[in-house]
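User: I'd like to learn how to read charged contacts in a protein model. Could you walk me through them?

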Amino acid sequence: MIRSVLIGTGSALPARRVSNAELAAQVDTTDEWIVERTGIRFRHIAGEGETTATLARDAALAALSAAGVTAQDIDLIVLATATPDNTFPATATKVQAMLGIDDCVAFDVAAVCSGFLYAVQVADSMLRSGVQRRALVIGAETFSRILDWEDRTTCVLFGDGAGAIVLEARDTPDDATDARARGILATRLHADGRHNELLYVDGGPSTTGTVGKLRMKGREVFRHAVVNLAAVMEEALAAAGLPTDAVDWVVPHQANARILDATARKLSLPAEKVVMTVDRHANTSAASVPLALDQAVRDGRVVAGQIVVLEAMGGGFTWGAAVLRI
Ligand code: UT7
């Protein structure tokens, strides 16, 4: 059967790295509070000339190079973001132009922190349909530009960055337990719009005509996150026909180290199998999963043949998981 096989990963971070101590000089917070409650020590913040599109382009170039393909080999770009360069056109089309791709399908997906999981399922469906053959799936964000820098309950939590993967349609054995069955084995997505007001941006083109700032009731989001993430991972593994102990790595959305620990405990997954980058990147929304995946591939932890589970939860609420064999 046709599956979407991961053939390359890449990521990009803004040049400027900001420590907790630097933030404590601006808002009423401390390094101790941030580390103890979230595990975050640093985040990267976009500077002049750095935008969601430029970070996405750099992550895409790294992924193309890792995959050993050229930009012209790409016929689909799905870019997940809640912080596009402009209200329109889609940032994906800006990235297409920056990469010099004459023609392809290119659009954005908006599902906030779960955006990359949504983008993966959309791209996977299009590749398996046989119409497209090779996709760049990107998560890219500049949340620093929608933060209220006077609100200590949110501004310390987020960072900027981008991650990208290249997926290629390939014929693979039907049986997902066959070690040659590489690629995306199952995906599961959910949304529950009743929770809009727990995590949202207080502006937009059709309401205020402004960009707005991020607002979050963190404690409530936390409570939902652990329950939903554990459930959707179990659901995706069941859909792939794999037991939890077949999992080599979980690459979670990096919102809070305590969420990662609690979710792993709920599934009886050892903490050593969970890729953690929240300490260095903070929460980069749709970029966090592909950023963490790329780091784990580049430092040699995630290797060919392994079973990897990607998961995320965010504003909406939206949440999802994907199971793949590398
Ligand atoms: O990516 C989308 C998904 N988002 C998430 O998953 C975020 C989920 N939520 C969280 O990660 C956590 O709830 C937070 C990190 C946001 C907050 O941690 P918490 O342990 O739930 O703290 P809290 O909101 O209950 O606040 C505890 C105290 C409060 O003071 P009082 O009311 O107890 O006096 C806050 O005002 O900590 C205070 N506080 C701070 N203190 C120092 C809140 N932010 C800060 C801060 N520095 N930056």
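Analyst: Happy to. Let's start with Arg215: this residue is partly exposed, with a relative accessible area of 23%. Keep in mind that this is a predicted model.

User: What is the general idea behind a charged pair?

Analyst: Side chains of opposite charge can pair when their charged atoms come close. In this structure there are 14 salt bridges.

User: Which residue forms a salt bridge with Asp148?

Analyst: That's Arg215, with the closest N and O atoms 2.9 Å apart. The two sit in distant parts of the chain, 67 residues apart: Asp148 is in the loop between strand S6 and helix H6, while Arg215 belongs to strand S10.

User: Which side chain meets Arg215 in a salt bridge at 3.0 Å?

Analyst: Asp202 does, N to O. Asp202 lies in the loop between strand S9 and S10, and Arg215 in S10, so this pair ties together parts 13 residues apart in sequence.

User: What does Arg188 pair with?

Analyst: Glu235, and here the closest N and O atoms are 3.8 Å apart.

User: Which residues are linked in a network of salt bridges?

Analyst: Look for Arg134, Glu168 and Arg170, which are linked that way.

How values were computed:
Residues numbered from 1 in each chain as written. Predicted model: local features only at pLDDT ≥ 70, side-chain atom pairs only at ≥ 80, totals over all residues. Heavy atoms only, no water. Salt bridge = Lys/Arg side-chain N within 4 Å of Asp/Glu carboxyl O. Helix = DSSP H or I, 4+ residues; strand = E, 2+ residues; numbered from the N terminus. Buried < 20%, exposed > 50% of the residue type's maximum accessible area, 1.4 Å probe, protein only.
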